[in-house]
Amino acid sequence: MFDLSNARFAFLDLETAARRIAVSEQAVTQAEESVRIIRNRYNAGLATVTDLLRAETALTVAKSNHLRALFDQRVGTANLELQVGRLSPESRVIRD
């Protein structure tokens, strides 16, 4: 038997993580484009190395946030399976 309220919260947490993944993917794409543009400007002498380092740092942060969202989704999936009584050693969320 499972607690419906805990299962509901686990499901909502999982939905939130999925949305964060979508947002973080867009942030990574935008940060990659920013690095590309700043690198071109830097190579042309129109930007400083500080500008380039800031853009690269923003890309690193965006990638880190994306990985955190993926991790949260994985944990959320395991939690949801646990709350509904389906988490087992054979569960895909544990194996993969």
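Colleague: Is Asp72 buried, partly exposed or exposed?
Modeller: Keep in mind that this is a predicted model, where local features need pLDDT of at least 70, side-chain atom pairs count only at pLDDT 80 or more, and totals for chains, interfaces and linings use all residues. Residues are numbered from 1 along each chain as its sequence is written, and side-chain values use heavy atoms, with hydrogens and water left out. Buried means under 20% relative accessible area and exposed means over 50%, with partly exposed in between (1.4 Å probe, protein chains only). Asp72 has a relative accessible area of 27%, so Asp72 is partly exposed.

Colleague: Which side chain does Asp72 meet in a salt bridge?
Modeller: A salt bridge here is a side-chain nitrogen of Lys or Arg within 4 Å of a carboxyl oxygen of Asp or Glu. For Asp72, the N to O distance is 2.6 Å, and the partner is Arg20.

Colleague: How many residues apart in sequence are the parts that Asp72 and Arg20 tie together?
Modeller: Helices are DSSP runs (H or I, at least four residues), numbered from the N terminus. Asp72 lies in helix H2 (residues 49-83) and Arg20 in helix H1, so the parts tied together are apart in sequence by 52 residues.

Colleague: What about Arg39, which residue does its side chain meet in a salt bridge?
Modeller: Arg39 itself is partly exposed, at 36% relative accessible area. Its salt bridge has an N to O distance of 2.8 Å, and the partner is Glu56.

Colleague: And how far apart are the closest N and O atoms of Glu33 and Arg36?
Modeller: Both residues, Glu33 and Arg36, lie in helix H1, three residues apart, or about one turn of the helix. They form a salt bridge, and the closest N and O atoms are apart by 2.5 Å.

Terms used. Helices (H or I, at least four residues) and strands (E, at least two) are DSSP runs, numbered from the N terminus.
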